[in-house]
Amino acid sequence: MILALSSTAQDQNNLALDAIVRDMDGGKLAGVKVKIIQDGALVNQMTTGKNGRFDVLLDFDHQFLIEMSKSGYVSKSIQVNTRNVPEDEQAWGYEYGGLAIDLFKQIPSVDYSVLDGPVAKFYYDPNLQNFDYDKLYTKQIKQEIEDLEEEYERKKKMVEELERQAEKDYLLAMKDAENAFNDGDYLLAKENYLAAASMKPDAKDPQTKLKQVESKIQEASGKEEQYMSLLANADQLFNQQKFSEAQVQYEQASTIKPSEQYPKDRIEESKQKAKELKAKQEAEALLSEKDRKYNEEISKADREFTAENFANAKTYYQNALGFKPDEQYPKEQIAQAELKIQELREKEIEAEEMAIINEKYDAQIARADAAFNSDNFENAANAYRAAAELKPEETYPKIQLDIIAAKQKELAAAELEAERLEKQNREYQQFIAEADRSFDKGEYAEAKTNYEQALAIKTDDYPSGRIDKIEKLLEEQRIKAEQNAQQAQIEEAYQAAIEKADVTAKELKYDEAISLYEEARSIKPAEEYPKQQIEQMNRLKQQDQSNKAYADIIARADAAFNQKDYSGAQALYTQASTAKPDDTYPSNRLKEITGILDEQKRAEEESAKLAQLNAEYNEAIKLGDAAFESQDFDNAERHYKQAQGVLSSEEYPGNQLKRIKEARQKLAEEQSRLAEEERLRTEYETQIAKADELFEQKAWSEAIRAYEQASKIDGDNAYPKAQIEKINSIIEEEQRAQELEKERLASEKEKQEKEAAYKKMIGIADGFFESEDYIKAKSAYNDAIAIKSDDDYSKSQIQIINERLAEIQSQAQLEEDNRQKYNDLITQGDRAVTEKRWNDARKAFTDALEIYPNEEVPTARLKEIDDLEEKEKQEELDAEIATLTQLADKFFMKKEFDSAQKNYESVLNLDPSNKHAQVRLEKIKEIIEASQEIVSKDEKRVDRVVKEEKFKEGNADVTIRTVTEGQKVDVYKRVVHSWGGKYFFLNEQPISELVWNRDSAE
């Protein structure tokens, strides 16, 4: 089992990998030898401590095989590929930690062949920008690993059960021996102690008890007892088919009693039986070995075939044919395996092609979605079209293309509208600027024309206010001009009257002169000259008139004044004043009359003017109100402004103009609202139509997305939500139906597989039965019963086998004892090898060879002992090298390069060909030289200036860093989108975030 927990960057230019080695129960394993093989060459090795951990540093651009092995356990290996790491990221290094590797214990007959190759592969994934395990490879060997774990657990339970049974048999033999010893039956006690000793060769109790039994037997007196004991032992050995041992016992008995014929007959019989048994065993061994190997290969082949490892199955079937070339079954299975291999290859090719298409499709969709979310619709459309070409059946890119087309259409319309508004605004601003220039120059008529043209383009308060101001200024100019003209007329009339009056006065025409002077005075009342002349005329006239006449005139003048006949009174007062210029009374009266007449005249003029203004005002208000009621706001605004110009003091026109502005704003808002509702309605109906079409096509996922999009547009409409619920119900029903069908098929498949497995097992059992391999046949029949419990046929066959085995057992006992002794010696030798007791191991295997001189195992074991002794010496050297290497690596990681260099040199003294030490020494040399070069460069380094600028670009936050070093200028750019995407650039070329953080920082 391999478990990877974490993978992060570190500060070294290599991959730091750490792992823990455990047994299958999760216990940490110490003393596990770890070999690091780089590109096929051993470069380092180490041994795990009590915590089961090991740490290694793997340089980039190599392929490593890490092998883990321990005596009594099955070795495992992992493969790590450090190639293809980008150069700009190598300097930072990586860490890959938390690997947990479980080792299997050695159990006989378990097929560990899957562990011949790596159990996991690790490599640098550029998409993750990190190291990861090879998921495809893990998937390929997953079933083989699971089969191994299943077989291991099953065999482990069998071994544990055999060990428990052996312990029970041992205790039972010891108990029977003890009972016989206590009863004084020393020969029976000896047999049981010998049996117990054979079961547990390392146990001390049976050996101690045997010495006591032998002592007791030796104490027994008389040749008869010795004779009978020897015969008993010999007969027992003979019955156990241990004919050679029995012959020895019979010969000893015959020596004690040479006259007895029985031991002599049994000696000859033992010799004959031993000869027959040996011939039979050799024949059976030859046949049995052939059958065993054939059945072993068939079993492996069937297991591989069932696991769909057809190439391995084919190899095993071919191996089986090598033992039995005439067998039809392996030939048929080879043909089936070849068909399956071809089918799998075709499926793999198809899957690989589809995986490539899916990968390309997913990449295009990701690129398109990113561009779409960034409003980069042109790039998004290109990517969606590329995705649609890869998978024409997919509706998602087509839907997105429709959405993009709609959005591009909206954007084009918005751009046209923006251009129109911009052009309108430019024209508006041109008219305003020209009007302002004319206004500033006092050219109000031209300014008003430009302001009106600006208003025709865009309704705005500024030109309206300016026009109102111009109209007021023009009105003031008009009034002033009228006043100036009127003043000129008055001055002209006054001068004419004065000239006439002066002429008349010179002619002493007092009354006429006075009249003319009065006329001049009436034209310009403030002038003193006419007044003085009138007074002068009156004085002169008075000199000519009598007081009576003067009084009469005054009386008539007063009467006329009192009757408000101001004209008559004015004439009489004038006459009186002329008659008596020195009298101020008539002149004062004349002043009073003039004031009254002037006020009357002004009042009449004001009344007439006001009546005219009211008429104009009322007409403008009437037209404005009519236009306002019909919502003709332009004409209404024009008439209300006209009314304001007539009577600026009236509030009504201004209030109405405010109402017009509010009405226009409400109308614009209503039109905008209606337009937006129409757009959303159209978009909603389009999306619903697409969703309904997808619903009819049963494209449920795409339909749900479309209904969800429609629901976002119109959240109050229950239809899309109801459709989504309906689809979910349909999907759930389909899934339930699929699950029920899957369960039915699984049940049917299980029945078929069970029946096929039963028939296959019966075939295997019958084959073993026919070849008289009864133990395997019995096991196979039991396996068949485990498959089908009501299998009476297998039960009857087992009964037959038990009867035959009982018959064979007595004949095989002698060979079994000899074989047991041989096996015990092999076990003792193996244990001694495990415990590295080389001399004890040699003795055990030499003794085993004396029993079976032709056996290959003891000879091979003796040779292996020599190799192991040599290997032990090498391992001690390797351990010393590994310790020095670990210490050097730790100094290297801490950047204590002097200490690291000394330890690596020590490693090379022990192993001059050690690649790891050589590589590390070269690396240390490079680092030291690089440090010196950096110091040199730092001394020459020019000032480095970093300027940072941040701003918004659409929905993205943009950061610009300009890095200046001497004459060199680099521009680094970071773009963070609102949806979370981050992109980095150097001089407009894409870079990683690592480069941004490292090279653009101050």
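Modeller: Start with a definition: buried means under 20% relative accessible area, exposed means over 50%, and partly exposed lies in between. Keep in mind that this is a predicted model.

Colleague: Why is isoleucine 256 called partly exposed?

Modeller: Its relative accessible area is 22%. Buried needs under 20% and exposed needs over 50%. The value for isoleucine 256 falls in between, so the label is partly exposed.

Colleague: Where does isoleucine 256 lie?

Modeller: It lies in helix 6, residues 243-256. Isoleucine 256 is also 8.1 Å from glutamine 226, C-alpha to C-alpha. In sequence, these two residues are 30 apart.

Colleague: Now helix 23. How do you know that its span is close to the expected one?

Modeller: Helix 23 covers residues 774-787, which is 14 residues. The expected span is 1.5 Å times one less than the number of residues. For helix 23 that gives 20 Å, and the helix reaches 20 Å from its first C-alpha to its last.

Colleague: Which residues of helix 23 are buried?

Modeller: Tyr774, Ala777, Ala780, Tyr781, Ala784, Ile785 and Ile787 are buried.

Colleague: What makes you say that these residues line one face of helix 23?

Modeller: Look down the helix axis. The buried residues fall within an arc of 155 degrees, so they line one face of helix 23. On the other side, Ile775 and Ala786 are exposed.

Colleague: What makes strand 3 mostly covered?

Modeller: Strand 3 spans residues 14-23, and nine of its ten residues are buried.

Colleague: How do you know that strand 3 pairs with strand 6?

Modeller: Pairing takes at least two bridges. Strand 3 and strand 6 (residues 53-59) have seven, so they count as a pair, in the antiparallel sense. One of the bridges joins asparagine 14 to aspartate 59 in strand 6.

Colleague: And in which sense do strand 3 and strand 9 pair?

Modeller: In the parallel sense, over eight bridges. Strand 9 covers residues 94-103. There, isoleucine 101 is the bridge partner of valine 21.

Colleague: What is the order of the open sheet of five strands?

Modeller: The order is 12-13-14-15-16, with antiparallel pairing.

Colleague: Which strands are the edge strands?

Modeller: Strand 12 (944-953) and strand 16 (989-991), as each pairs on one side only. Neighbouring strands of this sheet are turned by 25 degrees against each other on average, direction ignored.

Colleague: How many bridges link strand 13 and strand 14?

Modeller: Ten, in the antiparallel sense. Valine 963 stands opposite aspartate 970 in strand 14.

Definitions and conventions:
Residues numbered from 1 in each chain as written. Predicted model: local features only at pLDDT ≥ 70, side-chain atom pairs only at ≥ 80, totals over all residues. Heavy atoms only, no water. Helix = DSSP H or I, 4+ residues; strand = E, 2+ residues; numbered from the N terminus. Buried < 20%, exposed > 50% of the residue type's maximum accessible area, 1.4 Å probe, protein only. Arc of directions from axis to C-beta. Axes fitted to C-alpha atoms, helices over the stretch in contact; angles between N-to-C directions.
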